[in-house]
Amino acid sequence: MCIQGRLEVHLRVERPDILGRRDILRIHTRSMKANGALAADAQALIEDLEQGLPALTEYYSGAEIAGVVRSAASFALARNAAAVGAVDAGKARDRETQAQVTAADLTKALSEITAMAGRREVWMCVCVCAAAGPICMCVCVCVCMYVCM
């Protein structure tokens, strides 16, 4: 809705392409990589354009990709906390016991964070009717699916 006498700017932001998704992943994992908290297999998954994370996040927005990285970091921290358990808290800060985000954490985060843009809800309904003399009986089953556009 435009108001008369005012200059309004409409800016449309498209979903990122595969190179943009890789760059977004690089940005959100930059500090992890600098601190040694990003495992080598996770780095490889981020850099692989054909079968890696940029390809798996096709319909994801930048915010959803950032959510995947945050979720993966949470999984790594939870795994580290469980591993440390009763060990002295001072030792948990050592490099050997530091939580590292792995490719498994990133893959697990993908199952938790789903892309909502580029999907639409489709309902499929199937009805079966059978008539036996004067009695008519119908059974309907409806299923909701998400279809990527």
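This is a predicted model: local features need pLDDT of at least 70, side-chain atom pairs count only at pLDDT 80 or more; totals for chains, interfaces and linings use all residues.
The protein chain comprises 5 helices and 2 strands. Read from the N terminus, these elements follow the order α-α-α-α-α-β-β. Of its 149 residues, 29% count as buried. The protein chain exposes about 10,400 Å², and carbon and sulfur atoms supply 59% of that area. Among contacts between residues at least 6 apart in sequence, 66% join residues at least 24 apart.

Helix 2 spans residues 40-47, and its buried residues are Ala42, Leu45 and Ile46. Viewed down the helix axis, these buried residues fall within an arc of 100°, so they line one face of helix 2. Their packing partners are helix 1 (18-34), helix 3 (53-56) and helix 5 (103-112).

In helix 5, the buried set consists of Ala103, Asp105, Leu106, Ala109 and Leu110. Around the axis they cover an arc of only 160°, which puts them on the same side of helix 5. The face turned away from this buried side carries Ala104 and Ser111, both exposed. The buried residues of helix 5 pack against helix 2, helix 3 and helix 4.

The loop between helix 4 and helix 5 contains Thr102. With a relative accessible area of 18%, Thr102 is buried, because the cut-off for this class is under 20%. Leaving aside residues up to four places away in sequence, Thr102 touches Ala39, Asp41, Ala42 and Arg79. One of these, Ala42, belongs to the buried residues of helix 2, while Arg79 lies in helix 4.

The salt bridges number 4. One of them joins Arg79 to Asp105, with the closest N and O atoms 2.7 Å apart. Arg79 lies in helix 4 (residues 62-84) and Asp105 in helix 5, so the pair ties together parts that are 26 residues apart in sequence. The two partners fall into separate accessibility classes: Arg79 is partly exposed at 38% relative accessibility, whereas Asp105 is buried, with a relative accessible area of 5%. Asp105 is also one of the residues on the buried side of helix 5.

A second pair is formed by Glu47 and Arg26, whose closest N and O atoms are 2.6 Å apart. This pair links distant parts of the chain, since Glu47 is in helix 2 and Arg26 in helix 1, 21 residues apart. Glu47 is partly exposed at 35% relative accessibility, and Arg26 is likewise partly exposed, with a relative accessible area of 35%.

The side chains of Asp23 and Arg22 also meet in a salt bridge, at 3.9 Å from N to O. That separation lies within the 4 Å cut-off, and the contact therefore counts as a salt bridge. Asp23 is partly exposed at 34% relative accessibility, while Arg22 is buried at 16%. Arg22, Asp23, Arg26 and Glu47 are linked in a network of salt bridges.

Aromatic pairs are absent, the count being 0. An aromatic ring does take part in a contact with a charged side chain: Lys108 lies over the face of Phe75, at 4.4 Å from the ring centre.

A further spatial relation concerns the loop between helix 3 and helix 4, where Glu58 is found. Glu58 is partly exposed, with a relative accessible area of 45%. Glu58 and Asp17 are separated by 41 residues in sequence, and their C-alpha atoms are 7.6 Å apart in space.

How values were computed:
Residues are numbered from 1 along each chain as its sequence is written. Side-chain values use heavy atoms; hydrogens and water are left out. Buried means under 20% relative accessible area, exposed over 50%, partly exposed in between (1.4 Å probe, protein chains only). Helices (H or I, at least four residues) and strands (E, at least two) are DSSP runs, numbered from the N terminus. The arc is that of the directions from the helix axis to the C-beta atoms. Contact means heavy atoms within 4.5 Å. Rings of Phe, Tyr and Trp (its six-membered ring) pair if their centres lie within 6.5 Å; planes under 30 degrees apart count as stacked, over 60 as edge-to-face and the rest as tilted. A charge sits over a ring if NZ of Lys or CZ of Arg is within 6 Å of the ring centre and within 35 degrees of the ring normal. Accessible areas come from the Shrake-Rupley method with a 1.4 Å probe; for residues, only the protein chains shown count as cover.
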